[in-house]
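Take a walk through this model one piece at a time. Keep the sequence beside you as you read.

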Amino acid sequence: MMIGGVSTNSASTNFQYGLLARTDAQRSAQEVSTTVASSRAKARPKEELTPEQQRQIEALKQTDARVHRHEQAHIAVGGNLIRGGATYSYTVGPDQKRYAVAGEVSIDTSPADTPEATIPKAQHIQQTALAPADPSPQDRGVASIAAQMENKARSEVFAQQSEQGASAQSGSEAASAASAAASVSAAASVVFYRAVQQSGVQAALGSSLDLFA
């Protein structure tokens, strides 16, 4: 399977899953070939199929069901990350019916606007990539990239918190220093006040003591 898409403001990735891993040109060529072969071929009655052809058809049916389950698992978990529905690549069996042998789903894999929002989005991408019971190598690769995105966002959040903590601590230290200076001044005032009382000249200083008391 594949997760993918192109956007000016967002990144996207393709998950590729199935028996076929092809470029767009190869896929188009096969689709044309399949259409021509299908139009030329005449369906043979089921009783005319050989045992080997019957086995091929059963294998194709199982592959078709597995590919569809795989893509639907991505879609079910992806939610708002999904960009469009699943697309499938087909092959024609001995019975001239089409069977899905590969598929892909496009999802948004760009970081969010902030590191805080990027963390849950990266986790969602990982969950979407690994949703099928049988993740493909492409799926696991996307999950790994999303995990790196999550770790980077966590580092940025930690750096921001550390910077804010340092600023708060600096402000707290400045306030503590000011408070300590005020305490020293108050203590000196009390000593001076007591000294004045002991010297018996309190009346001579008058209201000036109020500046220190």
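Helix H3 has 15 residues, and from its first C-alpha to its last it reaches 21 Å. That is close to the 21 Å expected at 1.5 Å a residue. Keep in mind that this is a predicted model.

Now look at the largest nonpolar core, which has 12 residues in all. Ala 122, Ile 125 and Ala 129 belong to this core. Phe 15, Leu 81 and Met 149 are also among its members. Strand E3, helix H3 and helix H4 each supply at least two residues. H4 gives the most, with 4 residues.

Next come the strands. E2 (residues 87-92) and E3 (residues 98-108) run antiparallel, joined by 6 bridges. Their hairpin has 5 residues between the strands, and Gln 96 takes a positive phi near 65° there. Tyr 88 stands opposite Gly 103 in E3.

Tyr 88 also forms an aromatic pair with Tyr 90. How is such a pair described? By the distance of the centres and the angle of the planes. Here the rings are 6.4 Å apart, centre to centre, with 55° between the planes, so the pair counts as tilted. Tyr 90 is partly exposed, at 24%. Arg 98 lies over the face of Tyr 90, at 4.2 Å from the ring centre.

Key:
Residues are numbered from 1 along each chain as its sequence is written. This is a predicted model: local features need pLDDT of at least 70, side-chain atom pairs count only at pLDDT 80 or more; totals for chains, interfaces and linings use all residues. Side-chain values use heavy atoms; hydrogens and water are left out. Two strands pair if DSSP finds at least two bridges between them. A nonpolar core is a set of buried Ala, Val, Leu, Ile, Met, Phe, Trp, Tyr and Cys residues joined through side-chain atoms within 4.5 Å. Buried means under 20% relative accessible area, exposed over 50%, partly exposed in between (1.4 Å probe, protein chains only). The expected span of a helix is 1.5 Å times one less than its number of residues. Rings of Phe, Tyr and Trp (its six-membered ring) pair if their centres lie within 6.5 Å; planes under 30 degrees apart count as stacked, over 60 as edge-to-face and the rest as tilted. A charge sits over a ring if NZ of Lys or CZ of Arg is within 6 Å of the ring centre and within 35 degrees of the ring normal.
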